[in-house]
Amino acid sequence: MKETDALVRIQEIDLALMRHKRTLSDMPQTKKLQAIRAARKKLGSELSKIVGQRKDAEMDLEENERAHTRLEEIVTETQEKFDAEGTGYREIANLESQLTILAKKIEKREFQRKELTKRFEKIQQAERNARAMDARLVEEAEAQTASFKEQTADIERDVRMLMHEREEVAKSVSEDVMSRYAKAAKRFGGLAVETLSGNKPSVCRVSIPPSSFGDIRRGPDITECPYCHRLLVCDGMFNPGN
Ligand SMILES: [Zn+2]
């Protein structure tokens with residue numbers, strides 16, 4: 001391979017590698033996965049709040065149940081005590097008044113239970129919704145990860161091929177030119193080499209005046225552009241057909 005062709009190809013390879021690098025660091029899946037992670041984090045703190053509320057509601061219901069059961073026991077106990085001991089008018093009046101108070105207390109507990117149950121069910125529904133949402137996010141994250149891996153694999157394969165080709169092509173370029181290329185590539189963000197098309201360098205497009213052609217013609221195949229200072233590949237420019 002001619003050194004000039006090799007140099008031009010190395011630049012092509014390096015530009016392709018730069019594009020791949022940008023693509024990898026700017027994968028849409030990466031952004032989506034970040035958004036999913038943020039959403040799950042937010043959902044997670046909401047869910048732990050909901051779980052706390054649900055546990056409180058469960059305890060309130062248990063407490064209500066215990067109080068209700070105890071009141072019913074007291075009713076039974078009061079009735080039994082009357083059956084065993086009470087016979088007089090005063091005892092009957094006393095029993096009735098006690099049972100009325102107990103009935104009111106029981107009624108109050110039952111009303112409270114309905115309210116607590118309503119609240120509990122509402123919280124349960126919120127918890128189910130949050131868990132379903134989280135499951136959907138996990139599913140979406142898995143899909144994004146799979147798609148990322150698949151697309152990364154294609155790019156990684158291409159990167160390996162390009163790196164291998166670069167190694168081979170670089171064998172045709174002298175150390176001096178490689179080091180000049182490396183410096184220029186750094187300086188010009190990768191676009192370090194230009195070729196001549198007519199009298200115009202391919203990158204800066206500043207026409208080289210006929211008076212300078214002589215110098216370029218007598219000079220090496222790889223020189224420096226007098227305008228932008230990139231490496232200028234000028235072999236073949238004087239060949240017929242060019
Ligand atoms: Zn130039």
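Strands β1 and β2 (residues 200-201) are antiparallel partners, joined by two bridges. This is a predicted model. Its chain holds five helices and four strands. The mean pLDDT of the chain is 92.

**Overall layout**

- The chain has a radius of gyration of 42 Å, whereas the globule rule gives 18 Å for 242 residues, so the chain is more spread out than a compact globule.
- Along the principal axes, the C-alpha atoms occupy a box of roughly 140 × 30 × 30 Å.

**Helix packing: α2 with α3**

- Helix α2 covers residues 28-85 and helix α3 covers residues 89-170.
- Their axes lie 7 Å apart, and the two helices pack at an angle of about 160 degrees.
- An angle over 145 degrees counts as roughly antiparallel, which means that α2 is roughly antiparallel to α3.
- The crossing of α2 past α3 is left-handed.
- Residues in this contact of α2 with α3 comprise 27 nonpolar, 13 polar and 15 charged.

**Helix packing: α1 with α3**

- Helix α1 (residues 3-25) also packs on α3, with the axes 10 Å apart.
- The angle between α1 and α3 is about 160 degrees, so this pair too is roughly antiparallel.
- α1 and α3 make a left-handed crossing.

**The sheet**

- The four strands make an open sheet, ordered β2-β1-β4-β3.
- Pairing within the sheet is mixed.
- β2 and β3 (222-224) are the edge strands; each has a single partner strand, so one side of each has no neighbour in the sheet.
- In general, strands of a sheet pair through backbone hydrogen bonds, in either the parallel or the antiparallel sense.

**β1 and its two neighbours**

- Strand β1 (residues 193-197) runs parallel to strand β4 (residues 231-233), and three bridges join the two.
- Val 193 has Leu 231 of β4 as its bridge partner.
- Glu 194 stands opposite Leu 232, also in β4.
- Towards β2, Ser 197 has Lys 200 as its bridge partner.
- β1 and β2 form a hairpin, with two residues between the strands.
- Gly 198 sits in that turn and has a positive phi of about 70 degrees.

**Confidence**

- Of the residues in the chain, 97% reach a pLDDT of 70 or more.
- Helix α4 (residues 175-187) has the highest mean pLDDT among the elements, at 96.
- Helix α5 (residues 210-218) has the lowest, at 80.
- Where pLDDT is low, predicted coordinates should not be read in detail.

Terms used. Residues are numbered from 1 along each chain as its sequence is written. This is a predicted model: local features need pLDDT of at least 70, side-chain atom pairs count only at pLDDT 80 or more; totals for chains, interfaces and linings use all residues. Two strands pair if DSSP finds at least two bridges between them. pLDDT is the predictor's confidence in each residue, from 0 to 100. Axes are lines fitted to C-alpha atoms, for helices over the stretch in contact, and angles run from 0 to 180 degrees between N-to-C directions. Angles under 35 degrees count as roughly parallel, over 145 as roughly antiparallel, 65 to 115 as roughly perpendicular and the rest as oblique. A crossing is left-handed if the near helix is turned anticlockwise from the far one by less than a right angle, and right-handed if clockwise. Ala, Val, Leu, Ile, Met, Phe, Trp, Tyr, Cys and Pro count as nonpolar, Asp, Glu, Lys and Arg as charged, and the others, Gly among them, as polar. The radius of gyration is taken over C-alpha atoms; the globule rule is 2.2 Å times the number of residues to the power 0.38.
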